[in-house]
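Please consider the following sequence and structure together. The account below moves from the overall architecture to the sheet, then to individual residues and the ligand.

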Amino acid sequence: MNGISWSWFRYNESRARLEDMKRVIALANQKGGVGKTTTAVNLAASLTATKRRVLLIDLDPQGNATMGCGIDKHAQSRTSCDVLLGDCGAVEALLPVEYGGFMLMPANQDLTAAEIRLLTMAVGREFKLRNALSPVRGDFDVILVDCPPSLNMLTLNALVAADSVMVPMQCEYYALEGLTSLMQTIEQIKDSINPVLEIEGLLRTMFDPRNNLANEVSAQLIEHFGEKVFRTMIPRNVRLAEAPSFGKPALFHDKESRGALAYLALAGEMIRRDELPGAPPGDLPPGDLPPGDLPPGDLPPGDLPGDLPGAPV
Ligand SMILES: Nc1ncnc2c1ncn2[C@@H]1O[C@H](COP(=O)(O)OP(=O)(O)OP(=O)(O)O)[C@@H](O)[C@H]1O
Ligand SMILES: [Mg+2]
């Protein structure tokens, strides 16, 4: 088989596997500033780089994901507010993200008003996002929903629409405390309105391995949640912090940065988890090691950007 045939084969093989990956993932943690939006934007770019069709939904009135994608949140005629209130269909509110290659449903402060309107509705208010997404679900491999830092009606809509929840968290003293109420909320939703809801994984963000407390909290997390804790850790990295000011994911701001590589490694870990369902972490291939343990440039093998035509690295 020549090189072209191999690429064709690999591309189609990966597309067949993608069908299995289809899901809506809510990025939620009621604690503020833990890296939900940074994860949403950078994971969207990394999954797109592996040829997944990705939609990012900004469900936070702060509109940080929208701005981080280089889109002016004040200049949008259609946003997730209109979609939640039924004033337009989901497809009418989608925009292409130039530096990222994925689609975005933007948000701005209007969402606060939408939340208040939802609260006054007697029935069906928690199903608004789920119902609105049903016509576009099939068009994407992964839909990421960036939630606000609160367990409010917006987050509830995300958790009802989602197949799984990813919980970005910083390994610090109060981290575990907030986690208990989030886990209880997830269990309640699973037991009542959304029985398919799973924990996608807990993601350690802004991780500094030189910090003893961070290591202790990290060990406790693994003790409590085991394989639900992603092996990939996102390091504290200045490129991740400054990329939003350029309106780009880190992959398009500095593709060699540790932050950009960490989010590529996270995408790789998610893809491998899907390929080896039920495998205990110890059985996963060595590419699943945290990025800090990999030699520079030694990304996990598979559908990574450098392997694919037209990829951004
Ligand atoms: N790995 C990282 N390294 C350095 N800075 C980071 C990292 N992750 C996030 N930040 C910075 O930390 C701040 C909070 O991150 P982010 O906005 O992603 O959190 P959030 O959970 O979405 O916040 P909110 O709860 O307000 O929505 C931002 O200034 C962001 O640029
Ligand atoms: Mg945010």
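**From the fold to the ligand shell**

The chain contains 12 helices and eight strands. The model is a predicted one. Of its 313 residues, 47% count as buried. Among the contacts in the chain with a separation of 6 or more, 77% are accounted for by residues 24 or more positions apart.

In general, the strands of a sheet pair through backbone hydrogen bonds, in either a parallel or an antiparallel sense. Here, eight strands form an open sheet with mixed pairing, in the order E3-E4-E2-E5-E1-E6-E7-E8. Strand E3 (95-96) and strand E8 (229-235) are the edge strands, each of which pairs on one side only.

Strand E2 shows how neighbouring strands are joined. Three bridges connect strand E2 (residues 54-58) to strand E4 (residues 103-105), and these two strands run parallel. Leu55 has Met103 of E4 as its bridge partner, and Leu56 is partnered in E4 by Leu104. E2 also pairs with E5 in the parallel sense, over five bridges, and in E5 the bridge partner of Ile57 is Val145. Is E2 exposed or enclosed by the rest of the structure? Five of the five residues of E2 are buried, so the strand is largely enclosed by the rest of the structure. Val54, Leu56 and Asp58 point one way from E2, whereas Leu55 and Ile57 point the other way, and all are buried.

At the other end of the strand order lies E8. Six of the seven residues of E8 are buried, and therefore this strand, too, is largely enclosed by the rest of the structure. E7 and E8 run parallel and are joined by three bridges, with Arg204 having Met233 of E8 as its bridge partner.

Helix H7 (residues 153-161) lies across strand E1 (23-27), strand E5 (142-146) and strand E6 (164-170), and runs at about 150 degrees to E1. Helix H12 (residues 258-275) packs on the sheet and touches E7 and E8; the direction of H12 makes about 165 degrees with that of E8.

As a rule, most residues other than glycine have a negative phi. Lys51, although not a glycine, has a positive phi of about 75 degrees. Lys51 is placed in the loop between H2 and E2, and it is buried because 20 other C-beta atoms lie within 10 Å. Met206 likewise has a positive phi, near 50 degrees. This residue lies in strand E7, and Met206 counts as buried because it has 23 C-beta neighbours inside 10 Å.

The last topic is the ligand. Which residues come nearest to ligand 1? Of the 20 residues around ligand 1, these are Gly32, Lys36, Thr37, Thr38 and Pro149. Helix H2 (36-49), strand E7 (198-207) and helix H10 (238-242) each supply at least two residues of the shell. H2 provides the largest share, three residues.

Conventions: Residues numbered from 1 in each chain as written. Chains lettered and ligands numbered in written order. Predicted model: local features only at pLDDT ≥ 70, side-chain atom pairs only at ≥ 80, totals over all residues. Near = placed C-beta within 6 Å. Helix = DSSP H or I, 4+ residues; strand = E, 2+ residues; numbered from the N terminus. Pairing = 2+ DSSP bridges. Contact = placed C-beta atoms within 7 Å. Axes fitted to C-alpha atoms, helices over the stretch in contact; angles between N-to-C directions. Buried ≥ 20, exposed ≤ 12 C-beta atoms within 10 Å, placed from the backbone.
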